Amino acid sequence: MTPDALIFDMDGTLWDAVDLYANSWNVVFGDEGINRTVSRDDLQKVMGLDVKTLLEKIIPEIPEDSREKFYENVLHQYRAQLYKGGVKLYPGVVEGLEKLSGKYKLFILSNCEKDGIKLFLDYSKTDSYITSYIEHGENYLPKNVNMRLLVDNYQLKHPMYIGDTDSDRKESEKAGVPFVWVTYGFGKTDKYAAAFEDFFDLVEYFMAL
């Protein structure tokens, strides 16, 4: 069945900002006088989780009512350093989104902070290719609920969700949306409607439908 819309995850699917993210965490640890660091591997394990769960896993030693402020400082560092390096757009993403937008409605759905997707769109200059987006930081709803919001709000009949982790797959199943796995991302899964090793192959496949 040919889809009428493609909904993309962001981190691990469209770009890799983990190194920049890790550096931002470590700067704030230093600023706060906390003698610890997080590595790329540490963060890859929690990418795609909602913010509350992510903070529980990364900074359990910080009281819950102080975690949000700590995270705001991390995000401030992240935004300040965005154009200084440490971010990698996956090969073919910019050109691929342009091509796909001529045939499909394109959306982005992420468990990122508020304005996180806007940062991606500004950095990649792909805003004109995306019909709309929802980020967890807007409404703090689970990804499957936000997926259904996109489906209902835009009257989508046959959307597909494209992501890189098993949690993406589970959220897609809950929403009743077929899941497409990009194997180059941060996670593994063994259930998917289709899988692609790079963005070029993904674009070629959907443009040929």
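A residue counts as buried when its relative accessible area is under 20%, and as partly exposed when the value lies between that and 50%. Keep that cut-off in mind for the close-ups below, which come from a predicted model.

**View 1. F196 and Y205 make a tilted ring pair.** At 8% relative accessible area, F196 falls under the 20% cut-off, so this residue is buried. The ring centres of F196 and Y205 sit 5.2 Å apart, with 55 degrees between the planes.

**View 2. Y90 and Y184 bring two loops together.** The structure holds 17 aromatic pairs, and here's one of them: the rings of Y90 and Y184, with centres 4.7 Å apart and planes at 55 degrees, so this pair is tilted. Y90 sits in the loop between β3 (88-89) and α5 (93-101), while Y184 belongs to the loop between β7 (179-182) and β8 (194-196), so the pair ties together parts that are 94 residues apart in sequence. Both tyrosines, Y90 and Y184, are buried.

View 3. Which residues of α1 are buried? They are V18, L20, Y21, A22, S24, W25, V28 and F29. An α-helix has 3.6 residues a turn, so residues three or four places apart point the same way. The buried residues of α1 pack against β2 (15-16), α2 (40-44), α3 (51-58) and α4 (64-81). Just past the end of α1, look for G33, which takes a positive phi of about 70 degrees.

View 4. Ring pairs link Y21, W25 and F29 with F70, Y71 and Y78 into a cluster. Y21, W25 and F29 are also among the buried residues of α1.

View 5. Five of the six residues of β4 (residues 105-110) are buried, so the strand is largely enclosed by the rest of the structure. Strand β1 (residues 5-8) runs parallel to β4 and is joined to it by four bridges; L6 stands opposite L106 in β4. Strand β5 (residues 132-135) is also parallel to β4, again with four bridges, and S132 in β5 is the bridge partner of F107. Together with helix α6 (residues 116-124), β4 and β5 make a right-handed β-α-β unit.

Technical notes:
Residues are numbered from 1 along each chain as its sequence is written. This is a predicted model: local features need pLDDT of at least 70, side-chain atom pairs count only at pLDDT 80 or more; totals for chains, interfaces and linings use all residues. Side-chain values use heavy atoms; hydrogens and water are left out. Rings of Phe, Tyr and Trp (its six-membered ring) pair if their centres lie within 6.5 Å; planes under 30 degrees apart count as stacked, over 60 as edge-to-face and the rest as tilted. Buried means under 20% relative accessible area, exposed over 50%, partly exposed in between (1.4 Å probe, protein chains only). Two strands pair if DSSP finds at least two bridges between them. A crossover is right-handed if, with the strands pointing away from the viewer, the path from the first strand over the helix to the second runs clockwise. Contact means heavy atoms within 4.5 Å.
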